[in-house]
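Hi,

Here is the structure I promised to pass on. Please open it first, then read my notes below.

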Amino acid sequence: MTTTQTAVPEDLRASVALSENMFIGGQWVPAASGATLDVEDPATGEIIGRVPAGDAADVDRAVAAAKAAFPVWRASNPAERSRLINRLADLIEENADELARIDSLDVGMPFAEARYVDIAFSISILRYYAGWATKINGDTISPSFPQSFGGGPFHAYTLKEPVGVVAAITPWNIPLMMLVKKLAPALATGCVMVAKPAEITPLSTSVLAKLCQEAGIPDGVFNVVSGLGSTVGAALTAHPDVAKVTFTGSVPTGKAIIRAAADTLKRVSLELGGKSPNIVFDDANLAKAIPTAGMAIFAGAGESCIAGSRLYVQRGVYQQVVDGLAARANEIKVGPASEADSEMGPLVSATHRDKVASYFELARAEGATVVAGGEVHGDSGYFVKPTVLTGVAPDSRINREEIFGPVVSVIPFDTEEEVLAMSNDSDYGLGSAVWTQDISRAHRMAAGIESGQVWINTYQPVDPALPFGGYKQSGWGRETCRESLEDYLETKTVVVDLG
C-alpha cells in the first residue's frame, strides 16, 4: 500500500503513514479484505493518505483482542492505570505540535486552533480522568430489612465494575479530542476500547494508538479499526461482545445506533447535533459580545455541534450587532492552514462544502438577506466565506436545521419571554449563551433555557470537570465530568448475612 505524499510535509510522513494499517491487539495490520479509502487535504483536494476500509471481519478481530485484554486491565491497580493515563498525557504533550499539524492537515483547521483547542484540551481531559482512576468506589449501606425477613445482622455494599468492551465512534471535526473524551474515562474505569475514527479524518487516531503503546498501556486495551460507518460502525454497534457504544455525530446516525444496539441491550451514550441560541440583551457589553459571537460561529469554520448559529439580539442594539458581526465576518482571513495568517480553514470535504453552500441558496429562497459571505471562496479546496444572515424567519429551515458551517442567523426580539420561547423552539438543546448585565435576568434565562450548557457573558469556556451534553435530540448522557464515569461502570450490590 502506498500513499501520495506530495501534500504531506517530510517530517510528518512517518506519522501519517501509520494510518495505512489498523491497530489491533498491539499489531499494525491491514484490512482483511485489503480494501482502502483515500484521505484528502481539504485545502487542496489532494490525497494525503490511505486507510484500511475495515469490515465485520476486522471488527471481530479487534473486539476479540479487546475482550482478551479486559480481564487483566480490569484487575490492574488503579494507581497504575492513573500512572499510564498520565504518561499518555505526557506523550501527547511532548508531541503536541506534530499532532496539531496532523489534525490541521487532515481537518483543515488553523494550527493555533488545533494546538490550543484540540490537543491542549485532550491533555487536560487525560489528566482529569487519571485522577479519577483511584477514586472509583462503591458504598457501604445499612439496609432496613423488615423483621419478618429474618436473619441478620446484615452487611451490604456496592461494587463499581467496568462494563467491558467499549466501541467509540468519533466524528471528523476535532478528531483527537473527540476520541480522548471517550478513551480517558474508559481507561480510568478499567474498560477496553475499539475505536472507529471518521474515515475522512483518521490520521491522529493512529498516532494516538502508537502513543498508547509507548505509554505502556497493554496490547488489546486500545484498538483502532478504520472504515465506513455503514460497515465498521454498524458491525461494532451490533457486536454481541461490545457492552457499550459511545458516539459523537449526527442525529440520524445516533438514532440508527440506538436501533441497532437494541438487540443486545448494550449501553449507548450519544453527543449529537445542535442549533445553539446566543442571546444578546440590550444592556450587554457589546465590545465583548460581538467578537465572541463571531468566535462562537466562525471558529473551526463552524464545524461544531456547539456553534452559536442562532443569534438573537434585542431590538435596541440589533443593527449595531449585525453591523459589527458582518464587519468581523468580512475581515476574517480564509485560507489553508499552511498559511500562518489564516483564521478560518476549509470545510472538511467537497460533499460537506456543497451541503453548506446549498443553504446559501435556501436562505435566499426563504427570504433571508445575506449581509456577509454567502458564497464559496477560492478556486481550489473546500472553502466558504463566513456568512451572516438577517431577515430569517424563526420557523425557516435555515433557523431550524444544523448547517455545521460558518453560517449565523441574526434575529431580533423584544422581550425576555419572547426570546426564551424562540430559543426553546428547537429539536436541539446542546449549548446556549446569554449576554446581559442584569444578574436576575441571567439566572432566570439560565433556568428557563432547555440546554445542556448555558454560558453567561461568555461562550463555550471548556474544562474537563464540566459536564458536556444536551437535551432533546442533542443526545444522551454527559462527557468530560465525574458523572460520565457511570456510563462505563456497572453497579453490583452485595448483601451478607452475618448471623
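This is a predicted model: local features need pLDDT of at least 70, side-chain atom pairs count only at pLDDT 80 or more; totals for chains, interfaces and linings use all residues.

Helix α4 itself covers residues 96–107. Its 12 residues should span 16 Å at 1.5 Å a residue, and the end C-alpha atoms are 16 Å apart, so the two agree. Nine of the 12 residues are buried, so α4 is largely enclosed by the rest of the structure. Among the buried ones are L99, I102, D103 and D106.

D97 in α4 is another matter. At 45% relative accessibility, D97 counts as partly exposed. Its side chain meets that of R115 in a salt bridge, 3.1 Å from N to O. That pair links distant parts of the chain: D97 sits in helix α4 and R115 in helix α5, 18 residues apart. R115 counts as buried because its relative accessibility is 16%, and the cut-off is under 20%.

Now look at D118, also in helix α5 (residues 111–132). Which side chain of opposite charge is nearest to D118? R115 is, but at 9.9 Å. D118 is buried yet has no salt bridge. Beyond its neighbours within four places in sequence, D118 is in contact with D103, M109, E113, I174, P175, L176 and M177.

Other salt bridges

The count comes to 32 salt bridges. Two more to look at:

- K385 and E375 meet at 2.6 Å, N to O. K385 is in the loop between β16 and β17, and E375 is in the loop between β14 and β15. K385 is partly exposed at 28%, and E375 is partly exposed at 38%.
- E401 and R397 meet at 2.7 Å, N to O. E401 is partly exposed at 25%, and R397 is partly exposed at 42%.

Salt bridges with shared partners also join R74, E161 and K492 into one network.

Aromatic rings

The structure holds six aromatic pairs. One of them is F23 with W28: tilted, 4.8 Å centre to centre, with 50 degrees between the planes. F23 is buried at 4% relative accessibility, whereas W28 is partly exposed at 28%. W455 and Y459 form another tilted pair, 4.9 Å centre to centre and 55 degrees between the planes. Both W455 and Y459 are buried.

Two charges lie over ring faces. K244 is over Y488, at 4.9 Å from the ring centre. R441 is over F281, at 4.0 Å from the ring centre.

Best wishes

Conventions. Residues are numbered from 1 along each chain as its sequence is written. Side-chain values use heavy atoms; hydrogens and water are left out. Helices (H or I, at least four residues) and strands (E, at least two) are DSSP runs, numbered from the N terminus. Buried means under 20% relative accessible area, exposed over 50%, partly exposed in between (1.4 Å probe, protein chains only). Lys and Arg count as positive and Asp and Glu as negative; His and the chain ends are not counted. A salt bridge is a side-chain nitrogen of Lys or Arg within 4 Å of a carboxyl oxygen of Asp or Glu. Contact means heavy atoms within 4.5 Å. The expected span of a helix is 1.5 Å times one less than its number of residues. Rings of Phe, Tyr and Trp (its six-membered ring) pair if their centres lie within 6.5 Å; planes under 30 degrees apart count as stacked, over 60 as edge-to-face and the rest as tilted. A charge sits over a ring if NZ of Lys or CZ of Arg is within 6 Å of the ring centre and within 35 degrees of the ring normal.
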